[in-house]
Amino acid sequence: MDEESFRAVENFISALKNKNASEIKDNISSSGIIVIRNFSSGFGNRGKDVRNKYLFAEIPDNFQFEVADETPIDLCYLFQKAAEYGLDEIPVLNLDEFSFFKDSDVFDLQEISTYNLIDKCSMLPNSLDGTPQIFVIGSKKIVLAETYSEFDGTWAIFENEGGKYYLKIVLNIR
């Protein structure tokens, strides 16, 4: 992939590092982004599972998605290591023949169980120490991941729309 293909990921990391919302907003899918937080254990004691779609105008300038009566979902916190590293220091793995969130799955995210989300995310190689990784999945997706195990981490999924990549999904599974 050429350098332009990574522009959305680079802008995402830069926006988090510089706390500049306009850099992220320039790379949001026209259909908005889906933000998911699921706890794979805790039996409801660790917090609410969240599955929300946000349109461009709804993206908070502080990168914190409010959750009633709980700590907000904070993108700067979720991807803090990526912001520390910068794009040039994050390893890139090409997974050409890899199936990860088919286009039809994106529309069903509200229905996919936490265990199915974990199953999909565990298909990607995990760093196990939170070291950021970038996965290029064919010509359709780029995934920025910070993982600690197959069921503990964060993933930002960028999808190709008309030759340019846009942030489409943010997953946080703990």
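Helices (H or I, at least four residues) and strands (E, at least two) are taken as DSSP runs and numbered from the N terminus. This is a predicted model, in which local features need pLDDT of at least 70 and side-chain atom pairs count only at pLDDT 80 or more, whereas totals for chains, interfaces and linings use all residues. Residues are numbered from 1 along each chain as its sequence is written, and side-chain values use heavy atoms, with hydrogens and water left out.

**View 1. Overall fold of the protein chain.** Six helices and nine strands make up the secondary structure of the protein chain. Of its 174 residues, 52% are buried, where buried means under 20% relative accessible area, exposed over 50% and partly exposed in between (1.4 Å probe, protein chains only). Among contacts (heavy atoms within 4.5 Å) with a separation of 6 or more, 55% join residues 24 or more positions apart.

View 2. Strand 3 (residues 64-67) pairs with strand 4 (residues 70-74) in the antiparallel sense over three bridges, pairing being assigned if DSSP finds at least two bridges between two strands. Val67 has Glu70 in strand 4 as its bridge partner, and two residues lie between the strands of this hairpin.

**View 3. The loop around Lys19.** Lys19 lies in the loop between helix 1 (7-18) and helix 2 (21-25). Although Lys19 is not a glycine, it has a positive phi of about 50 degrees; Lys19 is exposed, with a relative accessible area of 60%.
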